[in-house]
Amino acid sequence: MSDHVVIVGAGHAAGQAAASLRQEGYEGAITMIGNEPYIPYQRPPLSKKFLAGEIGIDRVYFKPPEFYEKENITVKLGTRVTEIDRKTKTVHTDQGETLTYSKLLLTTGSRVRELNLPGFDLEGVFYLRNVGDVEGIQSYFNKGGKCVIVGGGYIGLEVAAVAAKHGIDVTVLEMAPMVMARVVDPIVSRFYERVHKEEGVKILTGAAVSGFEGKNGQLTKVTCADGTAHEADFVVVGVGILPNVELAVEANLEVENGIAVDECCRTSDPDIYAAGDCTNHPNPLLGERLRLESVHNALEQAKTAAAAICGKEKPYAQIPWFWSDQYDLKLQIVGLSAGYDQAVVRGNPDEGRSFAVFYLKEGRLIAVDAINRAPEFMMSKQLIAKGVSIPAEKLRDENINMKEMAAFAI
Amino acid sequence: MTKVVFIEHDGTEHEVDAENGTNLMEAATKHLVPGIDADCGGACACATCMIYVPEEWAAKLPAKEDMEETMLDFCDHSKENSRLACQIEVTDALEGIRVSMPASQH
């Protein structure tokens, strides 16, 4: 059988894997199958510059359309893979096609968690995951009016920032007592609540949404469990994402909070690999298995998977990092703060818009949230990868340049 | 369109027609120039699109903002003449610019 790598999905990981396969010298056939009508594009701008209308679709493509032609990569768009048959090494699509693979790469990504509350199907209720979603939201942007954001996580707050800049009256409803509660220390949550307030966005925490109400099929208000209601012309729901593991489950691949892969992105079937949001993978630097929702993870795992398909071992071992843009705030996060026992603040979160929080666990630096603080982010990237401890009093001392911080590593 | 030459660490040259209004990082990735990783897609968040700009061109570029300056300050391969390609808008003034890239962006 001739070589044929079939890539299921057409997101960041798919685009990178296709490019990396060619860079690694793979000369066989490559087919990428995506259910959206677009070649791989970058998702982060969808809740930032693309939503704001500052850049068009041609500037969010991961690689230009010519790339796929030049590199001889067949791209099937608007097509969903419906089944993997491991015995015959084939995949079936909803277009009635059957493709035979020599190696299969699953980059199925994730999808939004839906709120199946009363009124969820009214006009004006949006999620934000793909270009189509943004187009829907933008159609309301131009009309002005009122927007309710359900969920005070990254997506919700980024959309709130863009909408507020468009002169829209924005209210964020967050169920937890604080925004971004899942990922940051309360110091950072309070800071973001302050900035959004300064920018004219209302944030209500402890608000459990119970449903959507409308008139003639069009949303008019969002109701909460405590009986309150919030008028809205449109609502954007951002309450997390779920990994797309169904194909893998049905194919009896090992799945546990994501498609289980090893450090080289191999699944429990030697001819099937997986990369990106959909995987549960080991991280030797962190000493644990995890599932990540991040661009960096998608790109790096894709490189690893492509190498592995070409018979090269390039184990994935990197400290995760993330970013979020809201207003003039650039939040850069490196590491995972879960399990921290001390949060050390450098700078003043109560005034201005620039500070960093270092997360320590038994003295060891495990993560940093840096807000308009590139030095803290860049230096911590190196320090966390080394697994060092740095005394809290040094980290918080702004008289010590971040460049000198390594000298205090224990 | 503005002519831009990207030079890989091994000396390989790539001459591309960059669209005015986009940035040098986009010009490189759009034309499949290897050596510009651009992990964050141009958000000035990752410092993986570093280039070296010859002195005669440096003055013609927009000045570095704080974020770019500090990001570069902490990059392994950073030099005096380093810039982040995503922060440089393509304009007529850049016609014929030649920039080079480090051995690795990580």
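This is a predicted model: local features need pLDDT of at least 70, side-chain atom pairs count only at pLDDT 80 or more; totals for chains, interfaces and linings use all residues.
Residues are numbered from 1 along each chain as its sequence is written, and chains are lettered from A in the order in which they are written. Local features need pLDDT of at least 70, side-chain atom pairs count only at pLDDT 80 or more, and totals for chains and interfaces use all residues; side-chain values use heavy atoms, without hydrogens and water.

An automatic or database assignment divides chain A into domain 1 (4-111 + 242-309), domain 2 (125-239) and domain 3 (328-408). The C-alpha centres of domains 1 and 2 of chain A are separated by 30 Å. Each of these two domains gives 15 residues to their contact (heavy atoms within 4.5 Å). About 1300 Å² is buried between them, 60% of it on carbon and sulfur atoms; buried area is the accessible area (1.4 Å probe) lost by two parts on being put together, summed over both. On the side of domain 1, Leu46(A), Ser47(A) and Leu51(A) lose the most area, together 43% of what that side buries. Three salt bridges are counted between the two domains (a side-chain nitrogen of Lys or Arg within 4 Å of a carboxyl oxygen of Asp or Glu). Arg129(A) and Asp277(A) form a salt bridge with an N to O distance of 3.4 Å.

Between the chains, 27 residues of chain A contact 23 residues of chain B, and about 2000 Å² is buried, 60% of it from carbon and sulfur atoms. Arg59(A), Met378(A) and Lys403(A) lose the most area in chain A, together 26% of what that side buries. Two salt bridges are counted between chain A and chain B. Arg59(A) also pairs with Glu26(B) in a salt bridge, with the closest N and O atoms 2.4 Å apart.
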